[in-house]
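Please walk me through this structure.

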Amino acid sequence: MTRVLLAEDDPTISEPLARALRREGYEVDVHADGAAALDGAKENPDLVLLDLGLPRIDGLEVCRRLRAEGRTIPVLILTARAEEVDTVVGLDAGADDYVTKPFRLAELLARVRALLRRTPVDAVATGELVRIDSEGRRAWFKDHELQLTAKEFDLLRVLVREQGKVVSREQLMREIWDTSWFGSTKTLDMHISVLRRKLGDDAAQPQYIATVRGVGFRFERPDPE
Ligand code: CA
């Protein structure tokens, strides 16, 4: 699931906005101050929606720090301070786009979608093996498009999102089959096996999707070339 971090201290904005984003199918984490937002950003959300006037650490500073850490995650600024927009979106703070308050919900959602569409292109530039287009629900492996069922696509997307980290069976069942794990993961194993085949992976010695015994699966990071 695409994850959006929403940093906004005004609940009259953050509550309806979070609801609208969830209706669009995003998973939303709301943080009411800049320090909490920076902490939340460590969870690798797919997009950050950032209010400028935040308590503890200002939104501008949050954005600067994210970029200083070399993070390329898309940042969309929410601001009532239209005069600051140049600073924010310019090289100074490194935000990608902005929406001024009061904003139209449809407009904001369109900007969110546009920024999320850009991400797969960045992934290619960094030499990733798999490129995922969440919006179009398409996936490419080494530049050829994979023919995936809906569940295979979701599974690949989660594994690639967590690339290099183990994803537990429990989490996969919850995220993809929307159910709590109650013992049998035969369905999951079947999907993993099909996915491996489609990636040309060897089940005995998988190169891409590793089985982590007793825990789950890990999508391996490609070797740096
Ligand atoms: Ca504010």
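What follows covers a metal site and then a sheet. This is a predicted model: local features need pLDDT of at least 70, side-chain atom pairs count only at pLDDT 80 or more, and totals for chains, interfaces and linings use all residues. Residues are numbered from 1 along each chain as its sequence is written, and side-chain values use heavy atoms, with hydrogens and water left out.

Start with the calcium ion. Asp9 (OD), Asp51 (OD) and Gly53 (O) coordinate the calcium ion at 2.2 to 2.4 Å. Donors are N, O and S atoms within 2.8 Å of the metal (3.2 Å for Na, K and Ca); water is not among the atoms, so sites may look incomplete. The donor residues follow the spacing D-x41-D-x1-G in sequence.

Asp9 and Asp51 link distant parts of the chain, 42 residues apart. Asp9 lies in the loop between strand 1 (3-7) and helix 1 (11-23). Asp51 belongs to strand 3 (residues 47-51). Helices (H or I, at least four residues) and strands (E, at least two) are DSSP runs, numbered from the N terminus.

Is each aspartate buried or exposed? Asp9 is partly exposed, at 34% relative accessible area. Asp51 is buried, at 4%. Buried means under 20% relative accessible area, exposed over 50%, partly exposed in between (1.4 Å probe, protein chains only).

Three strands form an open sheet in the order 6-7-8, with antiparallel pairing. Two strands pair if DSSP finds at least two bridges between them. Strand 6 (130-133) and strand 8 (144-145) are the edge strands. Strand 6 and strand 7 (residues 138-141) pair over four bridges. Ile132 stands opposite Ala139 in strand 7.
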